[in-house]
Amino acid sequence: GTPTTLALEQALAALAGWHMAMLLQSGLAAVTAALQALTQSGDHVLQVDTAYASQRRFCDATLSRFGVTTTYYDPGIGADIRRLFRPDTRVAFVESPGSITFEVQDVPAIAEAAHAAGITVVMDNTWASPYFFPAFARGVDVSIQAATKYIGGHSDLMMGTITTTAPLYERVRSTVAELGYCVSGDDAYLALRGLRTLAVRLERHMRSAIRVAEWLCGRAEVARVHYPALPDDPGHALWARDFTGASGLFGVTLAPASKAAVAAMLDGLELFGMGVSFGGFESLAIPMNPAPLRTATRWRQSGPYLRLHIGLEDPDDLIDDLARGFDRLRSADG
């Protein structure tokens, strides 16, 4: 640790409204370290079915090799998650909304059921950050973020954070230390810099994302926009109840189109980079297929799927860029 890393830990804890934070090299490192700290051989983990591929691989390969089993569950399960509890269940992992397909979970209901059974609730809160989702006030015990994303905000940092309730701090912190995880003072400075503008950036991301998402809803090339800030999104009621805002990341299911047409659309974009990250100043687009990542639920959308991150560019310029992309998509499909 350094004075700079300590300052960042204290600032992140203050933002989250709870105990101390821990700093790790990546968001995935934060996920895996927390799960290792909270489980041992013979334990059982409940993992939301929207978990991204690297997280699933860790559960299915590394945790299983050490005798920890994982059950994936429907993100919409709510309080019925208690039906999946076993005597050896130690962790219920939530992510709301899922950062690929954006289903909103009833985190307070899951937390209430889990706590009644003595189960720890761990959440990936990267999409909203503590600025838009007060995880600990909603019943979460351990909150994880990929600070690479909105905390850093400038696409020049990789970092993960873990914030816990006071009773869990030493247990998780000791595991982080035993695994040798740490970050440099320079990286901590970059994250502190990002925190200074987190509020204004997230507000801009949200305003621009809503505008672009609403425009997309009116396009014939779009079958559905997956963004809980939209009133007709299935998760909107839970989002409006539990969140104070929405970030710039959402999904788009296109009407049926060929792979070549989607490639023509994406390859000619001028303001959207191609990338799987998000949370930086620039807009990003990436084609994805969520179906292979599901085991407890099925992905039922039939058209091509895109994930968009709306950055800090002028939203009118982003809309123009996407409009030209749709022109190319239609031309390619004849």
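**Helices, cores and enclosed spaces in the predicted model**

In helix H3, the buried residues are Gln55, Arg56, Phe58, Cys59 and Leu63, where buried denotes under 20% relative accessible area, exposed over 50% and partly exposed the range in between (1.4 Å probe, protein chains only). Helices (H or I, at least four residues) and strands (E, at least two) are DSSP runs numbered from the N terminus. The model is predicted: local features need pLDDT of at least 70 and side-chain atom pairs count only at pLDDT 80 or more, while totals for chains, interfaces and linings use all residues. Residues are numbered from 1 along each chain as its sequence is written, and side-chain values use heavy atoms, with hydrogens and water left out.

H3 comprises 13 residues (53–65) and reaches 18 Å from its first C-alpha to its last, close to the 18 Å expected at 1.5 Å a residue; the expected span is 1.5 Å times one less than the number of residues. A kink of about 30 degrees is centred on Cys59, the bend at a residue being the angle between axes fitted to the seven residues ending there and the seven starting there. The cover over the buried residues of H3 includes helix H2 (27–38) and strands S2 (44–48), S3 (69–73) and S4 (89–95), with contact taken as heavy atoms within 4.5 Å. Gly67, which follows H3, has a positive phi near 85 degrees.

Helix H7 (residues 185–196) has 12 residues and should span 16 Å at 1.5 Å a residue; its end C-alpha atoms are 17 Å apart, which agrees. Its buried residues are Ala188, Leu190, Ala191, Leu192, Gly194 and Leu195. Helix H1 (3–16) and H8 are included in what covers them.

A nonpolar core is a set of buried Ala, Val, Leu, Ile, Met, Phe, Trp, Tyr and Cys residues joined through side-chain atoms within 4.5 Å. The largest has 77 residues, and Leu8, Ile81, Trp127, Leu216, Tyr227 and Phe250 have the most contacts inside it. Helix H8 (residues 198–217) gives the most to this core, with 7 residues. Another core, of 27 residues, lies apart from it and has Met20, Tyr72, Ile144 and Val172 among its members. Not counting residues up to four places away in sequence, Ile81 touches Leu46, Tyr73, Ala92, Ile110 and Ala113.

Pockets and cavities were located on a 1 Å grid over the protein atoms alone: a cavity is a set of points where a 1.4 Å probe fits but cannot get out, a pocket is an open set with protein on both sides within 12 Å along at least five of seven lines, and lining residues have an atom within 4 Å of a point. Grid points are joined across faces, edges and corners, and a volume is the space filled by probe spheres set on the points. The largest pocket has a volume of about 430 Å³. It is lined by 23 residues, of which Tyr52, Ser99, Lys149, Val276 and Phe278 are the closest to its centre. H2 and strand S6 (142–146) are the elements that give two or more residues to this lining. The largest cavity, of about 50 Å³, is lined by Asp49, Thr50, Ala51, Ile100, Thr101, Pro290, Leu293 and Arg294.

Asp321 lies in helix H11 (residues 315–332) and is buried, with a relative accessible area of 0%. Beyond four places in sequence, Asp321 touches Gly268, Leu269, Glu270, Leu271 and Phe272. Ala257 lies in the loop between strand S9 (249–254) and helix H10 (259–267). Ala257 and Leu329 are 72 residues apart in sequence and 7.9 Å apart in space, C-alpha to C-alpha.
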